[in-house]
Amino acid sequence: MEKAQFQSRWMPYLLLAPQMVIIAIFFIWPAAEAIRASFFLEDPFFGNSTFVGLQNYTDALSASDYKRTAWFTVVFTVLVSLLSLALGMMLAVSADRVLRGQSTYKTLLMWVYAIAPPVAGLIGVMLFDQHIGPLVDFAAMFGWHLQIGVDYWDTGFAMIVVSTWKQVPYCFIFFLSGLQSIPTSVKEASAIDCQSETRRFWTITFPLLAPTTFFLLILNITYAMFETFGTIDQIVKDQPGNSPVTLVYKVFRDGFRGNDIGGSSAQSVILMIFVLLLTIVQFRLIERRIHYT
Amino acid sequence: MKYTSIALAAAMTFGASQAVAQVEITWWHAMGGQLGETTNEIATRFNASQDDYVITPVYKGGYEDTLTATIAAFRAGEQPNIVQVFDAGAATIIGATGAVIPAADLIQEAGLEFDPEAYISGVRYFYADSDGKMVGMPFNSSTPIMYYNIEALNKAGVEPPKTWEEFEAIAPALVDAGYIPLAQSHSPWIFTENFHSRHNIPFATNNNGFDGSEGTKILVNNDAIKTHFTKVKEWLDKGWYGYYGAGWGDNQAPFENGDVAMWLGSSGSFGGLKNSASFEFDATYLPYWEAITSEPTQTFIGGAALFALSGHSDEENRASAEFFKFLSSTDIQKFWHQETGYVPITEAAYEAAKAEGYYEESPQAEVGIQQLSLASGDNSKGYRMGFYVQIRDVMNREYGRIFAGETDVDSAFAVIEEEGNRLLDRFAQTNN
């Protein structure tokens with residue numbers, strides 16, 4: 001790589017500064033504040049805090065439903081990430097193959113992405129409403145008495161469906177552009193060599209999409225873990241009761257609903273550590289196997 | 001034309017601001033939709049009633065959102081003069097000593113007369129401190145009552161039950177008539193907190209938490225309520241009780257659709273039910289267990305109260321005091337009660353509504369007030385517990401698990417007690 005030449009030694013730092021300031025203000029400072037707050041119990045109005053050591057952590061981890069919440073978070077994150085990846089890829093490959101009216105298909109499939117998350121959540125809530133939801137009536141035709149808010153896994157099912165539905169168009173857009181960046185010459189060459197379309201997909205297209213897939217996998221995991229609490233809140237209608245919730249929803253609920261700043265901070269630090277480990281695993285294990293062109 | 005009106009408006013504003021320097025105060029509330037409009041109407045009437053003060057109501061979202069926004073504003077020194085805080089948040093705001101000017105003090109310091117006896121007894125104590133001094137000014141007050149579908153009960157040939165024993169006797173007839181006999185919308189509020197009030201059973205140590213958060217323990221793990229929930233689970237299994245989750249509306253809908261014959265909801269639900277239910281309905285007191293007590297007591301209020309926040313000038317506090325006075329006035333209370341279905345907070349407003357024959361026309365609207373005015377007991381005035389939003393979450397979760405058959409009543413209440421006490425202990429530590 002060519003070395004850039006700067007007149008002054010400080011120039012590169014100066015150019016980096018705006019980004020660094022943004023990172024410091026919006027990421028490092030809040031994270032540091034969360035770590036500090038996690039060792040205190042704080043009166044919400046005056047911010048008078050009492051140092052309690054690790055009590056917030058032990059209280060959070062020993063709560064009777066912590067294990068269940070953590071387990072649901074894992075199931076939810078894995079399913080939402082993989083389902084949106086698979087559906088996004090399937091739709092992108094299909095739309096890419098369509099010859100007539102291709103742009104119409106593409107636009108229609110991307111449309112959902114333009115829906116604001118709370119609206120998407122609301123639409124989902126209405127579709128799954130236990131009294132008037134059309135999807136509940138549909139499930140009843142197969143003898144499935146779908147009851148959101150009453151049955152644990154029925155509610156989890158609705159959360160997974162609505163969250164996945166929101167994320168599929170995002171994956172679709174990236175896969176579509178990924179597909180379009182595969183050189184025509186490669187596609188044509190493979191078409192001459194191999195007749196089976198399925199086989200061509202798995203041996204040529206899929207490996208060439210791997211960087212996109214890896215990128216989307218990370219984004220999907222982040223989405224499922226951190227950006228779905230609004231949808232979850234909509235589905236449980238602000239009353240989690242015995243419904244499944246994710247760890248981030250619990251952070252939101254205890255912090256912003258219950259005003260337990262210390263407890264909520266401790267839970268978010270636990271998540272921070274978990275995500276740190278996950279990111280290391282992702283980059284160490286998966287990225288090595290990916291070939292960037 | 002356009003310019004003239006702008007000029008005129010400018011002249012008027014200028015003229016008005018010249019004539020008197022009005023004191024402006026803000027009021028954050030959590031009343032959306034129709035209720036929000038009625039709330040704004042009260043502010044408009046207050047502004048029109050005098051020239052010295054102007055109150056601006058601001059809708060801040062749901063109850064929790066409003067409390068969270070208030071805390072953030074308070075820490076930034078930008079707090080509103082008056083904020084509406086709901087029952088479960090009462091301990092948080094009252095516990096923050098110095099954040100709130102007690103309503104009684106506010107009114108008296110402004111040189112206005114304050115008579116706590118003017119307020120209905122079930123209303124008076126819930127937002128008061130341990131000496132009975134009113135800290136919050138009750139605003140939208142309601143209490144759980146039982147609504148019933150008249151046609152359903154006639155069809156089954158039964159009378160509305162006064163006790164749960166009577167309910168058990170009539171439930172099979174309602175099932176035969178094609179109804180689910182019972183549903184209710186808020187297990188912590190109706191089946192737990194008010195269960196303790198109705199039966200005069202202590203709900204927490206330290207005088208139900210009113211004496212301070214230090215060392216307060218929840219007493220929810222008792223035989224009376226465990227028997228109740230064992231029965232409710234039996235009713236559910238027999239088809240006598242419908243459970244539709246922890247959401248309020250999900251449990252109200254089947255009653256409105258005519259599937260459920262009797263529904264325990266809020267006295268404040270009356271206004272909405274009148275619009276949504278296509279059948280004749282009536283209301284009566286929350287049933288009690290005769291096996292537990294032969295002298296049932298009153299229930300306490302739910303809903304929310306208004307709190308005057310500290311950190312404002314004497315002039316603004318005076319404006320808040322004037323507004324509290326105005327809010328308690330008979331006309332406004334009667335207006336609020338009849339528009340929304342919430343109970344009037346003063347005896348005078350109740351008498352005025354009665355005198356004009358309002359309850360002959362809508363007898364259901366009176367049930368809540370009568371129930372709040374029943375005999376009181378040491379444990380019928382409600383509770384004061386911190387981190388109560390989370391405690392209610394634990395209750396809702398454990399009740400859901402009982403109903404889903406994932407746990408039994410004994411272990412569920414053991415969990416509620418343990419986690420509730422842990423939360424109370426945590427809250428006490430924030431209050432030093």
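In this predicted model, helix α11 of chain A (residues 247-257) is largely enclosed by the rest of the structure, because nine of its eleven residues are buried. The buried residues of α11(A) are A:Leu247, A:Val248, A:Tyr249, A:Val251, A:Phe252, A:Arg253, A:Asp254, A:Gly255 and A:Arg257.

What do the buried residues of α11(A) pack against? Within chain A, the partners are α3 (66-97), α9, α10 (229-235) and α12 (261-286). From chain B, α3 (63-75) and α19 (388-403) also pack against these buried residues. After α11(A) comes A:Asn259, which has a positive phi, near 60 degrees.

Helix α9 of chain A covers residues 197-227 and contains A:Asn220. Is A:Asn220 buried or exposed? A:Asn220 has a relative accessible area of 0%, so this residue is buried; the cut-off for buried is under 20%. Leaving aside residues up to four places away in sequence, A:Asn220 touches A:Ser81, A:Ser84, A:Leu85, A:Gln167 and A:Cys171.

The UniProt record, an unreviewed entry, places the feature "transmembrane region" at residues 12-32, 70-95, 107-128, 200-226 and 266-286 of chain A. Two of these stretches are described in the table.

| Residues of chain A | Helix | Strand | Distance between end C-alpha atoms |
|---|---|---|---|
| 70-95 | 100% helix | 0% strand | 37 Å |
| 200-226 | 100% helix | 0% strand | 36 Å |

Chain B contributes the helices α3 (63-75) and α19 (388-403) to the packing around α11(A). In chain B there are 20 helices and ten strands. Its C-alpha trace spans about 70 × 50 × 40 Å along the principal axes. The radius of gyration of chain B is 23 Å, which agrees with the value near 22 Å that a compact globule of 432 residues would have.

Of the 432 residues in chain B, 60% are buried. Among contacts in chain B with a separation of 6 or more, 77% are between residues 24 or more positions apart. The accessible surface of chain B is about 16200 Å², and carbon and sulfur atoms account for 49% of that surface.

How far apart are the mean positions of the positive and negative charges of chain B? Chain B carries 26 positive and 57 negative charges, and their mean positions are 3 Å apart.

Notes. Residues are numbered from 1 along each chain as its sequence is written. Chains are lettered from A and ligands numbered from 1 in the order in which they are written. This is a predicted model: local features need pLDDT of at least 70, side-chain atom pairs count only at pLDDT 80 or more; totals for chains, interfaces and linings use all residues. Side-chain values use heavy atoms; hydrogens and water are left out. Helices (H or I, at least four residues) and strands (E, at least two) are DSSP runs, numbered from the N terminus. The radius of gyration is taken over C-alpha atoms; the globule rule is 2.2 Å times the number of residues to the power 0.38. Buried means under 20% relative accessible area, exposed over 50%, partly exposed in between (1.4 Å probe, protein chains only). Contact means heavy atoms within 4.5 Å. Accessible areas come from the Shrake-Rupley method with a 1.4 Å probe; for residues, only the protein chains shown count as cover. Lys and Arg count as positive and Asp and Glu as negative; His and the chain ends are not counted. The place of a charge is taken as NZ of Lys, CZ of Arg, CG of Asp or CD of Glu. UniProt positions are given in the numbering used here, feature names are shortened, and annotations may be inferred rather than shown by experiment.
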